[in-house]
Amino acid sequence: MQPLVAVILVGVPLAWLVGFAAYAYVDAPKYGMNPRKWALIAFVVPLFGFLAYVFERDELDYDPEEDPYAGGDDGRTGGFAVHESRQGEKRLGPAGTEADDGDDENDEWDDPDGVDL
């Protein structure tokens, strides 16, 4: 095997693994994570170990103030928010029909008296 081919086939992937491990080792303490553990995972499990570190790190810096889906006291309930351009529109019921607004006189169904389906 020629030396250049050996460097390309062995050296380049090894350099990537060392780089991933070094990044995890330096970056992990910023998020309160064990740097030795994550550097070892990033080195031993090629690419997936580093991606696991990145995704695990991102889970630790969650801020509910910045989450657009978190329920807040600004009129949203349970994480449901209506876009400003859709304010004032009628609600939709099942299968895209308009939701019941309590007006039984304009009910399109011929339900028996006392039964509202």
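Reader: Among contacts in the chain between residues at least 6 apart in sequence, what share joins residues at least 24 apart?

Author: This is a predicted model, in which local features need pLDDT of at least 70 and side-chain atom pairs count only at pLDDT 80 or more, while totals for chains, interfaces and linings use all residues. Residues are numbered from 1 along each chain as its sequence is written, and side-chain values use heavy atoms, with hydrogens and water left out. Contact means heavy atoms within 4.5 Å. Among contacts between residues at least 6 apart in sequence, the share that joins residues at least 24 apart is 29%.

Reader: Which pattern does the chain follow along the sequence?

Author: Helices (H or I, at least four residues) and strands (E, at least two) are DSSP runs, numbered from the N terminus. The chain has three helices and zero strands. Read along the sequence, the pattern is α-α-α.

Reader: How much of the chain counts as buried?

Author: Buried means under 20% relative accessible area, exposed over 50%, and partly exposed in between, with a 1.4 Å probe and protein chains only. Of the 117 residues of the chain, the buried part is 15%.

Reader: What does Trp-38 contact, leaving aside its neighbours within four places in sequence?

Author: Trp-38 is one of the nine core residues. With those neighbours left aside, its contacts are Ala-24, Met-33, Gly-49, Ala-52, Tyr-53 and Glu-56.

Reader: Are α1 and α2 roughly parallel or roughly antiparallel to each other?

Author: Axes are lines fitted to C-alpha atoms, for helices over the stretch in contact, and angles run from 0 to 180 degrees between N-to-C directions. Those of α1 and α2 lie 8 Å apart, at an angle of about 160°. Angles under 35 degrees count as roughly parallel, over 145 as roughly antiparallel, 65 to 115 as roughly perpendicular and the rest as oblique. The two helices are therefore roughly antiparallel.

Reader: How are α1 and α3 placed, roughly parallel or roughly antiparallel?

Author: The axes of α1 and α3 come within 10 Å and cross at roughly 25°. That angle makes the pair roughly parallel.

Reader: Which residues of α3 meet α1?

Author: On the α1 side, the residues are Phe-20, Tyr-23, Ala-24 and Asp-27. Their partners in α3 are Phe-50, Tyr-53 and Arg-57.

Reader: Where is Asp-27 placed, and is Asp-27 buried or exposed?

Author: Asp-27 is in helix α1. Leaving aside neighbours within four places in sequence, Asp-27 is in contact with Tyr-53 and Arg-57. Its relative accessible area is 6%, so Asp-27 is buried.

Reader: What is the phi of Leu-47?

Author: Leu-47 lies in the loop between α2 and α3. With a relative accessible area of 44%, Leu-47 is partly exposed. Its phi is a positive value in a residue other than glycine, near 65°.

Note on methods: Core = buried A, V, L, I, M, F, W, Y, C linked by side-chain atoms within 4.5 Å.
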